[in-house]
Amino acid sequence: METLKSVLESNHTKKTKNELIDLLSGVQKVLSPSIYDKISGVEISELKDLSVKEILAIVDQFKAGYDEKWEKSLVNASSEVLKMISLKMASDEEVFKTSDAANADFAAELGSIDFATIIGGPLDACVKAQSNASIATVSFINEVGFELTDPNDPASAKKLRMADFKYKKNGPNPDYVSETETPDEEPIIPIDVELSVPFIALLNVPSFRIESCEVDFNVKLNSTYTKNVGSEFGLNVGASGGWGPVKLSVDVSYKRSSSTGIKVEKEYSLGVKVRATNDEMPAGLEKVLGLLAQ
């Protein structure tokens, strides 16, 4: 239950100047002009020229000069005046104006997203990755497939690096004619064989390529605004008599509850799927290696 006394005794130091002016404006409308002028000493129109500290001093004057009879004046006060005194209506309405989620401009929110960077970034990265893979293939062939003609001279020309193999295999004896003519010779004898092949032909040349690139970008925007306001007024008037004057007691109560909720959810998700495979050997390189192997 809120009363004029409880409102005046509240801590007003954190309130804005406009809220303090609303409070005194509501007090003026509840009290008689003579009482208001007697305590404040200034007109409502003059409050805007005062500082917050000076207005707080006027509120303290009403707090010091409080009279229980003032509560009776609340009986005839309108709900708007009571809301001004409670200093809650203005703040609720301001929140409602600035946080109207029903009119949220989601189109502008989506328009501010840099799709060129979000979608183009992964694609550009794939292009660069493919280019780097091609350069890596050229570097591998140059460094592994060739060697300097003069190892002591870095400026000498390069030649194809060869791999030499020596082994023995059984082959026909060129000196053998027949058993009767060459009885001492064997028809099959071990023969020394030398084989020289390009070293790079023995290796798997790295040749990666981007087979597919999928970019999934999802945006989820939710905005919800809720406002629940409830007001409750209580008025109890009692009279008691007997021998002597009649005693009148008035109990005025005002209760106002307000709850607001603002919920804005922004969810962004970016998924990039890249599939890379070891590409087949280029046809030109395959033919060159075939010629070198002959």
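## Overall fold

Among contacts in the protein chain between residues at least 6 apart in sequence, 70% link residues at least 24 apart. The model is predicted. Its protein chain holds ten helices and six strands.

Of the 294 residues in the protein chain, 23% are buried. The accessible surface of the chain is about 19900 Å². Carbon and sulfur atoms account for 53% of that surface.

## Helix α3

Helix α3 spans residues 33–40. Its buried residues are Tyr36, Ile39 and Ser40. These residues sit on the same side of α3, because they cover an arc of only 85° around the axis. Ser34 and Lys38 are on the other side of α3, and both are exposed.

What do the buried residues of α3 pack against? Their partners are α2 (17–30), α4 (52–64) and α5 (70–73). Glycine 41 follows α3. The phi of glycine 41 is positive, near 80°.

Where does phenylalanine 199 lie? It is in the loop between β4 (188–198) and β5 (208–242). Is phenylalanine 199 buried, exposed or partly exposed? Phenylalanine 199 has 30% relative accessibility, so it counts as partly exposed. The cut-offs behind this call are under 20% for buried and over 50% for exposed, with partly exposed in between.

How values were computed:
Residues numbered from 1 in each chain as written. Predicted model: local features only at pLDDT ≥ 70, side-chain atom pairs only at ≥ 80, totals over all residues. Heavy atoms only, no water. Buried < 20%, exposed > 50% of the residue type's maximum accessible area, 1.4 Å probe, protein only. Helix = DSSP H or I, 4+ residues; strand = E, 2+ residues; numbered from the N terminus. Arc of directions from axis to C-beta. Contact = heavy atoms within 4.5 Å. Areas by Shrake-Rupley, 256 points an atom, 1.4 Å probe, with all protein chains shown as cover.
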